[in-house]
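Q: Please take a close look at one part of this model for a reader who is new to it.

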Amino acid sequence: MFELPFQSELLYDVPLNLEATLFCGQAFRWQKLGEDTFQAVVYGEILRLTALQPNRLLIGSTAECINSKSLRDFVWHYLGLEDDVSTLLPASFIQTYPHLYQGASAYFGLRLLRQEPFETLVSFMCAQGVGIALIRRQTTFTSQSFGDFIAITEYKFPTPEQLANAPIGKLTRCTNNNAHRARHIRAISMAVARGDLNLAQLSAPHCDFETARETLLRYSGIGEKIADCVCLFGLGHHTAFPIDTHVRQYLEAWFGLSTHTTSLTSKEYRRLSDAARRILGAEQAGLAGQLLFHYWRKDVKHMKAF
DNA sequence: CCCCAGGCAGCGC
DNA sequence: GCGCTGCATGGG
């Protein structure tokens, strides 16, 4: 393995299931280096996390931190360690669905990442009808093709300006050879670069969830699910409840929330996510939904996280 | 070979 | 408003 230019290292005790956290946040560029070691570029810095033992992380970062406290704050916020998942689900839920609470409790080490908004936006625009491995390949290749070099094989995620000026053919090779997707990503990058789309302004608490969602939905390439994902993972709107194929499955299996239509129309999407917010508590519905999502995929569908 | 993978837009009806 | 189709590719 190459030696990376780490400026600081920190050993820290955290109540965290590392794999579940990275999966939940769906930080698509996290790569698994070893059995318990993961590495990614986070806000332009290389971050490496190693689980030395349960609840004990070795954190390496290329960020030049004055002291360990600023690195601790950086990581603490990014990994969403301020959230307490063990008190997440409402008492009414625990009472009504004790078996689900029991099963999901194995994943209380899961957290909601605070990802960079533009990277979140583009990453989820690459997440249509493909598997996670293929999504990660797209975002990694996009960074290598258009982002600034950092070290060894690591590149920053491109800026809106870099993607706004991307030749469409070159960008298409980064988006799973999907030219529609490349055009959508370039168009929205131009909107961000010009200031027509201000992601910081759409972030909580300056902006309410519905406004942020409606604003994102105006852009081609963004539908209900991706708008919710960007709101949840990139803009801090934790009431957002993204419904994908897996969530739709468990909503029906566990809560009897089904649709008479085969495809999930806009109207039905809203009906289901509103119902889910009532069951899981509106305030933290997104994180609660991710908890059930992870439980569903791992224990019921027997899928691997990475 | 078939089906599914963290969907969305465009179209006909 | 609903349902079908194209988009591309890898893995089970």
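Which residues lie nearest the centre of the largest pocket, and how many residues line the largest pocket?

A: The model is predicted, so local features need pLDDT of at least 70 and side-chain atom pairs count only at pLDDT 80 or more, while totals for chains, interfaces and linings use all residues. Residues are numbered from 1 along each chain as its sequence is written, chains are lettered from A and ligands numbered from 1 in the order in which they are written, and side-chain values use heavy atoms, with hydrogens and water left out.

The largest pocket has a lining of 30 residues, and Ala127, Lys225, Asp244, Thr245 and His246 are the ones nearest its centre. A pocket here is found on a 1 Å grid over the protein atoms alone: it is an open set of points where a 1.4 Å probe fits, with protein on both sides within 12 Å along at least five of seven lines, and lining residues have an atom within 4 Å of a point. The space in the largest pocket is about 590 Å³, where grid points are joined across faces, edges and corners and the volume is the space filled by probe spheres set on the points.

Several helices contribute to this lining. At least two residues each come from α1 (18-25), α6 (132-146), α12 (224-233), α13 (245-255) and α15 (285-300). With five residues, α12 gives the most to the lining of the largest pocket. Helices are DSSP runs (H or I, at least four residues), numbered from the N terminus.

By class, the lining of the largest pocket holds 18 nonpolar, seven polar and five charged residues. In this division Ala, Val, Leu, Ile, Met, Phe, Trp, Tyr, Cys and Pro count as nonpolar, Asp, Glu, Lys and Arg as charged, and the others, Gly among them, as polar.

Chain A is divided into domain 1 (8-82) and domain 2 (117-233), with bounds that come from an automatic or database domain assignment. Each of domain 1 and domain 2 provides at least three residues of the lining of the largest pocket. The centres of domain 1 and domain 2, taken over C-alpha atoms, are 23 Å apart. Their contact (heavy atoms within 4.5 Å) takes 12 residues from domain 1 and 17 residues from domain 2.

The model also holds DNA strand C. Residues around DNA strand C (a heavy atom within 4 Å of it) include Gly129, Val130, Leu134 and Arg137. The surface near DNA strand C has three nonpolar, seven polar and one charged residues.

Methods. Near = heavy atom within 4 Å. Contact = heavy atoms within 4.5 Å.
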